[in-house]
Number of protein chains: 2
Amino acid sequence: MKTKSGARRVMTNSEIVDRVNELAPDFLGGLAKSDLAVVLGAAMPRRFHARSLIASEGHRADKLYLMIEGLARTFTTTREGEKTVIIWVPPAAVAGGRALLSQPMEYLVSTESVTDSVALVWERNAILPLARRYPRLLENALLIASDYVETYRDLHVATSFDSASLRVARVLGNLAKGIGQRSFEGTVLNISNEELANEANVTIFTVSRLLSEWHRKGLLVKSRGSVVIRSPEELVRRAS
Amino acid sequence: MKTKSGARRVMTNSEIVDRVNELAPDFLGGLAKSDLAVVLGAAMPRRFHARSLIASEGHRADKLYLMIEGLARTFTTTREGEKTVIIWVPPAAVAGGRALLSQPMEYLVSTESVTDSVALVWERNAILPLARRYPRLLENALLIASDYVETYRDLHVATSFDSASLRVARVLGNLAKGIGQRSFEGTVLNISNEELANEANVTIFTVSRLLSEWHRKGLLVKSRGSVVIRSPEELVRRAS
DNA sequence: GCGTGAGATTGCGCTAGAGCAATGATGGAA
DNA sequence: TTCCATCATTGCTCTAGCGCAATCTCACGC
């Protein structure tokens, strides 16, 4: 946090406290007000520009992030260079959770900001003693980890048993819930075919064909870099 | 372990302590000897016959298991009734980890014993206070959870990007390491085509064709219900 | 307004692997 | 020893979705 001219302070401490209370992140749930203040005091708010890398798979997991504003997502890159396994990190979610482990570890996935974002950052050697002091943090982390496992299991079952069209439809549905902006005639999604392809584990050609078909059927409107979805539910239902 | 006619005591307390020390399970790592005794004192050893269900997906997660003898595995059943996502639970591994969460939850996957097995069982309401008393247990649980996430990620990447033959070869390799019995001419695996198919997410036909091919090439010997693998490494290497 | 380059589309061919059916082997029960 | 259920094999067909190439179309910079 810079404090003088030219400098910008990301957020003041009281802004942070207000925002965290508003978000009520799972990770900080159940802490007494004064304990919460201690934990927050150990974090620094940090701003990330859209599309910047927050944490890198394989690098030493030395920072824990809590999203405050904006949106990020995680992904892995396979040896062939394909991005996959994309999990969204909205405000109130944590990223880089491996920093919380008692053994030093490497990040399991990469995290990048999608929009301009702000996250609270704890250094590993700041958060670890706090976790020991407030075991509730560990309990919360365990709940979050358990959610991850569930998400991955679902993802795995989906890629194994669902058709490409269903997967793409589901991705659109999730995106609509997550980053969709409601407007006059449906939910607007600013996303490229390529990104959809990565998330659904299909090729850009398949995405293009499916979107064209759904466009024809009036289920959505596609234009370069954006999709407007009438009804995500119907889309999933009608995707064979 | 029978003590007298009809009656059977699974294990004596000192046998349990010895066995746990021998296994050094991650979950109990770093506990002082006396603390360990307290934690073990809260568990009951229980015997499971081969192929019996230990925990059921979707049921209330009220018991935590620590494998002591034998072998178990986890799986999910999709709506179409396919078994998938099989993770092995050898001695020293935990099962039913969701019982450890501070919020009551349901089991995420089912667990079944493969061979005759013995597991230590903690009731959720016995282990939760212990976890609070010894936060090291939570730290350990978090490490284990983190491993699960890694396993699932790898599984997901594999099903998305690896060919069927590579997946089957990998499954054979893992099994060889896990439950394989070394013998004169390779590692013996008692497993049916159907089980292989479930684990690798392919059909029994594909399994049969691949095994035949590898048999022809001299990489393994297949007979009903068992496979003998010369060299798991070479198998994975030569699977396109 | 005009070019231009990245994204998007679409036709075509191709292949991995599923699914089915007929057939064959095997080992446990009686 | 025979029988039979279960498991395994193999040929055939079929299709979802990939991959390539040619073409098109925006959105943006100038």
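This is a predicted model: local features need pLDDT of at least 70, side-chain atom pairs count only at pLDDT 80 or more; totals for chains, interfaces and linings use all residues.
Sorted by class, the residues in the contact between helix 4 of chain A and helix 4 of chain B comprise 18 nonpolar, 8 polar and 4 charged.

## The contact between chains A and B

Chain A brings 34 residues to the contact, and chain B likewise brings 34 residues. On the side of chain A that touches chain B, the elements that give two or more residues are strand 5 (83-89) and helix 4 of chain A. Of these elements, helix 4 of chain A gives the most, with 19 residues. The side of chain A that touches chain B holds 17 nonpolar, 10 polar and 7 charged residues.

## Surroundings of DNA strand C

DNA strand C is surrounded by 21 residues, and the closest are Asn193(A) and Ser208(A) together with Ser163(B), Ala164(B) and Thr206(B). Two or more residues of the surface near DNA strand C come from each of helix 6 (193-200) and helix 7 of chain A, and from each of helix 5 (164-179) and helix 7 of chain B.

Helix 7 of chain A gives the most to the surface near DNA strand C, contributing 6 residues. By class, the residues of the surface near DNA strand C are 6 nonpolar, 10 polar and 5 charged.

## Surroundings of DNA strand D

Around DNA strand D there are 21 residues, the closest being Ser163(A), Ala164(A) and Thr206(A) from chain A, with Asn193(B) and Ser208(B) from chain B. The elements that give two or more residues to the surface near DNA strand D are helix 5 (164-179) and helix 7 (204-216) of chain A, along with helix 6 (193-200) and helix 7 (204-216) of chain B.

For the surface near DNA strand D, helix 7 of chain B gives the most, with 6 residues, and the residues of this surface divide into 6 nonpolar, 10 polar and 5 charged.

Note on methods:
Residues are numbered from 1 along each chain as its sequence is written. Chains are lettered from A and ligands numbered from 1 in the order in which they are written. Ala, Val, Leu, Ile, Met, Phe, Trp, Tyr, Cys and Pro count as nonpolar, Asp, Glu, Lys and Arg as charged, and the others, Gly among them, as polar. A residue is near a molecule or strand if its C-beta atom, placed from the backbone, lies within 6 Å of it. Helices (H or I, at least four residues) and strands (E, at least two) are DSSP runs, numbered from the N terminus. Two residues are in contact if their C-beta atoms, placed from the backbone, lie within 7 Å.
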